[in-house]
Amino acid sequence: MKQPDFWHKNNSVFGKILSPLGIVYEKIVAYRLNHNKPYKPEVPVVCVGNICVGGTGKTPLSLSLADYFIKQGKNVFFLNHGYKSKLQDIVVDLSVHNASDVSDEAMIFASKLPTIINKDRKKGAQKALNLGADIIIMDDGFQNPSVYKTLSFVVFDGKKGIGNGFCMPAGPLRESLKQGLKRADAAVIVGADLTGLEQKIKKIYPKMPVLFGHVEPNVNLKGLKGIAFAGIGYPEKFFSMLEKYGVQLSEKISFPDHYAYKRSDIEKLLAYKQPLFTTMKDAVKIDADLRAKLTVVDIDFVWDDTQNWEKVINGKIK
């Protein structure tokens with residue numbers, strides 16, 4: 001699904017008309033969160049989630065946190081719900097599973113560390129414990145009340161912020177900003193804060209740590225030319241990053257989020273006879289022989305202030 005334009009426009013007529021439904025949605029989420037007793041594992045659980053739907057940068061941030069804990073000598077496991085995955089309650093095996101089996105995010109996580117797929121987060125956390133996890137990183141799941149979170153980061157895109165401020169379907173929020181921040185240990189804004197989000201957060205919770213970071217390619221792209229395509233939550237972020245780091249794009253092609261590519265899709269793109277750039281999330285869903293003809297741009301999450309985010313972690317996890 002592509003996000004409606006009115007989600008990101010203040011004083012939108014559609015947003016106002018749908019706002020009563022947004023209030024109902026907010027109350028349902030609040031009830032679910034407040035009437036469940038979470039399972040508390042014997043090891044810390046770090047949740048990287050969001051309040052807004054769509055791409056905010058959770059995946060690269062999760063990988064960055066995993067690297068940090070690995071350097072501390074910890075045995076880190078990822079716990080993922082497996083968006084539209086065919087399989088459940090498994091440890092991802094890249095030699096056996098593909099993206100339709102376990103989801104695109106899970107494939108990326110599994111290329112780095114042991115990754116468990118389970119929509120039942122409690123059972124997934126228990127499996128990680130049984131396999132020797134010292135730290136569990138839960139990608140997404142901020143609105144899932146079944147597992148106690150030792151530390152929760154809520155991630156925002158700096159360009160989009162919280163959109164029109166309404167909950168779905170009137171806006172992009174999964175819950176109200178105030179309700180979400182109440183359970184968070186820190187807010188992370190990815191990219192420049194173009195909507196004054198830090199000020200909005202501080203107005204609600206003056207002591208809430210607001211951390212900043214950005215994503216950047218881990219390869220040199222300067223001087224390259226071609227076409228970019230992506231089927232992620234916010235394709236424009238990927239396109240802008242390519243241009244920022246020196247790629248001249250003749251065309252930018254967006255597919256729906258989590259799009260399941262067919263061979264014909266890629267063959268049509270190859271027919272342009274230009275270099276093709278795409279994301280790692282997209283690449284894991286493309287047949288290997290076609291993938292080899294693409295430039296797959298992997299990205300790293302970079303903290304803009306290393307000291308503050310480490311303080312947040314050390315304040316919650318000893």
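This is a predicted model: local features need pLDDT of at least 70, side-chain atom pairs count only at pLDDT 80 or more; totals for chains, interfaces and linings use all residues.
Buried means under 20% relative accessible area, with exposed over 50% and partly exposed in between (1.4 Å probe, protein chains only). Residues are numbered from 1 along each chain as its sequence is written, and side-chain values use heavy atoms, with hydrogens and water left out.

**Around Val102**
- Val102 sits in helix 3; helices here are DSSP runs (H or I, at least four residues), numbered from the N terminus.
- Skipping neighbours within four places in sequence, Val102 is in contact (heavy atoms within 4.5 Å) with Gly82, Ser85, Ile90, Val92, His97, Met107 and Ile117.
- Asn118 is 16 residues from Val102 in sequence, and their C-alpha atoms are 9.5 Å apart.

**Pockets**
- A pocket is an open set of points on a 1 Å grid over the protein atoms alone, where a 1.4 Å probe fits and protein lies on both sides within 12 Å along at least five of seven lines; lining residues have an atom within 4 Å of a point.
- The largest pocket has a volume of about 1,200 Å³, counted as the space filled by probe spheres set on the grid points, which are joined across faces, edges and corners.
- Its lining runs to 48 residues, with Gly55, Ile232, Gly233, Tyr234 and Asp257 nearest the centre.
- Helix 8 hands over the largest share of that lining, 5 residues.
- The lining of the largest pocket splits into 19 nonpolar, 14 polar and 15 charged residues; Ala, Val, Leu, Ile, Met, Phe, Trp, Tyr, Cys and Pro count as nonpolar, Asp, Glu, Lys and Arg as charged, and the others, Gly among them, as polar.
- The second largest pocket holds about 530 Å³, and Ala99, Ser100, Ser103, Asp104 and Lys285 lie nearest its centre among 27 lining residues.
- Helix 3 (99-102) and helix 4 each give two or more residues to the lining of the second largest pocket, and helix 4 gives the most, with 3.

**Nonpolar cores**
- A nonpolar core is a set of buried Ala, Val, Leu, Ile, Met, Phe, Trp, Tyr and Cys residues joined through side-chain atoms within 4.5 Å.
- The largest one has 50 residues, and Leu65, Phe69, Ile137, Phe153 and Leu242 touch the most other members.
- Helix 2 supplies the largest share of this core, 6 residues.
- A second, separate core of 30 residues includes Leu129, Phe142, Ile162 and Val210.
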